[in-house]
Amino acid sequence: MDLRIGRLLAGRRLFWKILLAFLVTFVVMTQAVWLLFALRGDREPPEFLMTRHIGPPVLEAAVQAVAGGGPARYRAMLPNIPEDSRHRLELVAEGARPSQPGEGYGVLERRVRDPAGARYLLRFRYHRDDSPGLLNIPRELVVTGVLAGLVFSALLAWYLMAPLNHLRRGFERLARGELATRVSPAIGARRDEVADLAHEFDRMARLIEQLVQSRDRLLHDVSHELRSPLARLQLAIALARQSPARIESAMDRMEREVERLDGLVGELLTLARAENEQDPGDDYFDLVGVAASVIADARYEAQPAGIEIAFDSSGQEDEERPPVRGSSELMRRAIENVVRNALRFSPPDGRIEVRCAYEAGAGAFRLSVVDEGPGVPPDLIDTLFEPFVRGQADGQGLGLGLAIASRAVTAHKGRIAATNLPGQGLKIEFEIPAKEP
């Protein structure tokens with residue numbers, strides 16, 4: 001039990017620090033205000049006020065009454081003085097035993113004779129506090145200040161520590177792999193720096209969750225893509241062993257599968273490079289020239305299917321266009337993948353329109369590729385640039401080309417988007433900022 005209490009106290013070190021700091025501050029401030037008020041004020045303590053200013057006059061009036069008319073006049077005088085002072089007066093005949101004033105009370109006394117010569121003792125009882133409080137502060141004020149300070153400090157410490165505890169537990173859950181952890185709902189409607197910190201925590205957790213999900217999905221897709229050619233390789237080897245007459249055809253199959261594996265690994269390396277490129281490089285190149293080079297190669301590949309590729313680069317002259325900073329090879333690969341994707345899905349004798357121009361107002365190049373293919377199912381349009389996502393179920397590609405293009409554009413601080421055209425066709429457009437002059 002003691003050990004658990006010790007751990008609980010040790011785990012709330014900041015809470016106790018805040019609590020004690022505010023408690024001490026609150027008590028010191030209240031007592032300082034009291035001392036300042038006491039030092040600067042002209043009022044006397046109540047016991048001195050009673051002794052110097054109230055007791056003597058009342059006692060003198062009683063003496064005059066007894067001296068002038070004896071006990072009868074004294075009793076007749078009593079209703080004329082305030083009730084509080086009346087109860088403090090006492091007339092004691094000579095030889096009689098006076099009452100005890102009680103603890104904490106003092107007595108003013110006067111001796112007097114009545115007209116008949118009888119001796120009396122007049123007493124006035126007043127409250128006397130002989131035990132000065134801390135720094136001459138009333139005990140009630142000290143107790144009230146400490147209790148109020150304790151409650152105020154505890155509430156303030158709890159208010160400050162509660163969101164920090166939520167954050168601490170959030171980090172603990174995140175460290176245990178609970179990537180869906182969010183702390184903003186527990187913070188509530190706070191609008192301060194702690195709430196901002198909670199929102200940043202949620203954003204970090206969301207990014208980590210997306211990265212882990214992307215990694216898991218990529219590993220799953222890579223495993224799936226590797227399994228198919230490996231299975232065909234194993235089948236080709238088994239057939240060759242069973243029938244030596246099929247060795248030649250089996251070798252052709254194995255060669256194609258090896259080429260496919262080599263292409264897959266190459267695409268994965270390119271994708272990894274594009275994803276990890278925070279700074280693609282310091283090359284300065286003409287994006288329109290790179291696009292024209294890609295189109296020239298693509299036209300050669302499009303000849304067998306009779307596909308026409310139109311390229312429009314009208315606008316500013318070559319020397320008027322600003323360069324793009326980055327990697328020309330990476331950007332060439334991005335454009336090539338987009339054009340090849342359009343070429344793959346275009347029907348025979350179809351037409352592909354490519355436009356690349358610099359927009360001075362936006363300070364960026366805008367490149368668009370429009371084909372006459374079947375487009376992309378609407379439910380895939382948002383994930384088209386994810387690895388291993390194919391626009392068509394019978395697609396022959398690896399599903400990495402557009403993912404590489406997206407990563408390359410992002411590495412150059414650009415944007416890429418895909419849109420299905422009315423009727424048929426797909427338009428892929430990306431924007432690349434030019435180097436600032």
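A salt bridge, as I count it, is a side-chain nitrogen of Lys or Arg within 4 Å of a carboxyl oxygen of Asp or Glu. With that cut-off, I searched the whole structure and found 22 salt bridges.

**Ground rules.** I am working on a predicted model, where local features need pLDDT of at least 70 and side-chain atom pairs count only at pLDDT 80 or more, while totals for chains, interfaces and linings use all residues. Residues are numbered from 1 along each chain as its sequence is written, and side-chain values use heavy atoms, with hydrogens and water left out.

Entry: Helices (H or I, at least four residues) and strands (E, at least two) are DSSP runs, numbered from the N terminus. I then listed the partners of Ile335 beyond four places in sequence: Leu287, Val290, Ala291, Val294, Leu367 and Phe430. Contact here means heavy atoms within 4.5 Å.

**Entry: H11.** Buried means under 20% relative accessible area, exposed over 50%, partly exposed in between (1.4 Å probe, protein chains only). The buried set includes Leu402, Ile404, Arg407 and Val409. Just after H11, Lys413 takes a positive phi of about 60°.

**Entry: Glu209 and Arg182.** Their side chains meet in a salt bridge at 2.7 Å, N to O. Glu209 sits in helix H7 (193–242), and Arg182 in the loop between H5 (139–175) and H6 (184–187), 27 residues apart. Glu209 counts as buried at 18% relative accessibility. Arg182, at 25%, counts as partly exposed.

**Entry: Arg340.** I checked its bridge to Glu301, also 2.7 Å, N to O. Glu301 lies in H9 and Arg340 in H10, so the pair ties together parts 39 residues apart in sequence. Glu301 is partly exposed at 34%, and Arg340 is partly exposed at 33%. Arg340 also forms a salt bridge with Glu336, the closest N and O atoms being 3.8 Å apart. These two are 4 residues apart in H10, so about one helical turn separates them. Glu336 is buried, at 18%.

**Entry: network.** Salt bridges with shared partners join Glu359, Arg366, Arg415, Glu429 and Glu431 into one network.
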